[in-house]
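Here is a short briefing for a reader new to this structure. Take a look at the model, then read the points below.

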Amino acid sequence: MNFTLSEDQQMMVDAARRTSRGRIEPILARHPADKPLPKAAMLEIYALLAELGITAPRLPVEAGGGGFSLLDYGLMLEQLPPVVALSLASHEGSIARIRSGGSPELLARYLPDLIAGRKIACTANSEAGAGSDSGAVTAKLRIEGEWAYLTGRKMWITNASVADVINVSCTVGKDEQGRPIVRRILVDRSQCDFEVREIAVTGLQQGHLSELVFEDTRIPASHVIGEPGDAAKTLTVGWNGNRPLLGLMCVHLAQKGLDLALEHARSRQQFGKALAAHQLVQQDLADIETAVVASRLMCYHALDCVDRGLRANGSSAMAKRFATQACERALHTAMQVLGGMGISAEMGVERMWRDARMIQVPDGTNGILALIQARELTGTSAFR
Ligand SMILES: Cc1cc2nc3c(=O)[nH]c(=O)nc-3n(C[C@H](O)[C@H](O)[C@H](O)COP(=O)(O)OP(=O)(O)OC[C@H]3O[C@@H](n4cnc5c(N)ncnc54)[C@H](O)[C@@H]3O)c2cc1C
């Protein structure tokens, strides 16, 4: 066991950090902090992500991807602003899902632009009635010869308002138990007519979270991906990798909170000495650092389990739940150390705290993640 980054990993981290601080953060700073970024800004960012080779990190190099292990990808993703990292996770996860079951013609047509960051992808599974119960989708797909027709609503879809292609889960009927038979179809925004509405949310406000409305939307039947019923499996495979990545987005935020709180505690004097010299402030700082380090290690461990092909449902659920909760708490504590500055928009820690709160919902709420972990522990499912 070795807890030190290899030379290659250090180079990846340095490159991602340089790009993030020197080139991505200035793009975010040019735009209002509380409004979704324009598509042009997103494409500027995606060109930089493509330069880093992380628009399709899980695809092998022969398929045009980065060929990275999930751990190496996670080390780089941790350096990115979470609003960008979440968009990237949706984009690259969608590429992996499209590749799993997309016809050679479909892949040849869409993957090059997606990998180059000239186009953006997303995955639309959730609906008003299908959230944690992700298989309960009701959006209907009717296939008639060369065309398919999609009707239904999707909720909370990352990237949807800026996406060029959307991997949509929909049902083509029911199985013997009355559960929907779920299929996937690739919707190309330039070819189809449907509505996209941005949803106003608490955090990650420069990002895009939308509702989609399809009403008998006509799509080429050749855009159907994979086999009937394979949607749940492709989602679960993606989630096991994604959950620790979402945890690392919170680690990014909590590390920043720690840096700001530490700087403030060293420079601000109260009762004749630096805040950092007061015992309870020291305890707050120690608590924040403990949350950052423990969360980071747990997320790296879960990614390593996935890379090694070990069963990772429990460890990846545990990593996301622990990291998102511990880091949100750490940011709350950092705000306390910063006093009035902690709640000021100027300092930005309150925004980071709201961003961390958002990350507790996608790819499994913390309640659902506890159930997934406990299912591994006990061998009994409490879901149904
Ligand atoms: C920032 C963000 C990005 C997202 N991106 C996407 C995306 O790109 N694509 C997509 O398809 N979806 C996306 N989602 C949707 C997300 O996956 C769902 O919001 C999530 O699965 C929860 O579903 P829900 O909101 O319907 O809550 P519900 O499922 O209604 O859950 C509400 C509460 O009930 C609890 N609960 C539910 N079932 C049980 C149970 N059996 N036992 C105990 N407690 C239970 C949950 O833990 C939660 O606390 C995103 C959401 C957010 C916030």
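**A buried asparagine**

Asn 240 counts as buried, at 11% relative accessibility. The cut-off for buried is under 20% relative accessible area. This is a predicted model.

**Around Asn 240**

- Helix 6, residues 231-267, holds Asn 240.
- Leaving out residues up to four places away in sequence, Asn 240 touches Val 306, Ala 312, Asn 313 and Ser 316.
- With Asn 313 there is also a polar contact: the side chains of Asn 240 and Asn 313 are joined at 3.3 Å.

**Domains**

- The protein is divided into domain 1 (7-115), domain 2 (121-227) and domain 3 (232-378).
- The contact between domain 2 and domain 3 takes 11 residues from domain 2 and nine residues from domain 3.
- The centres of domain 2 and domain 3, taken over C-alpha atoms, are 31 Å apart.

**The ligand and its shell**

**Polar atoms at the ligand**

- A polar side-chain atom of Ser 126 lies 2.7 Å from a nitrogen atom of the ligand.
- Thr 123 places a backbone N or O atom 2.9 Å from a ligand nitrogen atom.
- Trp 156 has a backbone N or O atom 3.0 Å from a nitrogen atom of the ligand.
- How much of the ligand does the protein bury? Taken alone, the ligand exposes 980 Å², and the protein buries 64% of that.

**Glu 144**

- Strand 2, residues 140-144, is the place of Glu 144.
- Is Glu 144 buried or partly exposed? Glu 144 has a relative accessible area of 44%, so it is partly exposed.
- The side chain of Glu 144 makes a polar contact of 2.8 Å with the side chain of Arg 142.
- Glu 144 and Ala 40 are 104 residues apart along the chain, and their C-alpha atoms are separated by 37 Å.

- Most residues other than glycine have a negative phi.
- Leu 204 is not a glycine, yet it has a positive phi of about 45°.
- Leu 204 sits in the loop between strand 6 (195-198) and strand 7 (209-220).
- With a relative accessible area of 7%, Leu 204 is buried.
- Asp 363 is not a glycine either, and it has a positive phi of about 60°.
- The loop between helix 9 (349-358) and helix 10 is where Asp 363 is found.

How values were computed: Residues are numbered from 1 along each chain as its sequence is written. This is a predicted model: local features need pLDDT of at least 70, side-chain atom pairs count only at pLDDT 80 or more; totals for chains, interfaces and linings use all residues. Side-chain values use heavy atoms; hydrogens and water are left out. A polar contact is a pair of N or O atoms within 3.5 Å; within protein, one must be able to donate a hydrogen and the other to accept it, and residues adjacent in sequence count only if both atoms are side-chain atoms. Accessible areas come from the Shrake-Rupley method with a 1.4 Å probe; for residues, only the protein chains shown count as cover. Helices (H or I, at least four residues) and strands (E, at least two) are DSSP runs, numbered from the N terminus. Buried means under 20% relative accessible area, exposed over 50%, partly exposed in between (1.4 Å probe, protein chains only). Contact means heavy atoms within 4.5 Å. Domain bounds come from an automatic or database domain assignment.
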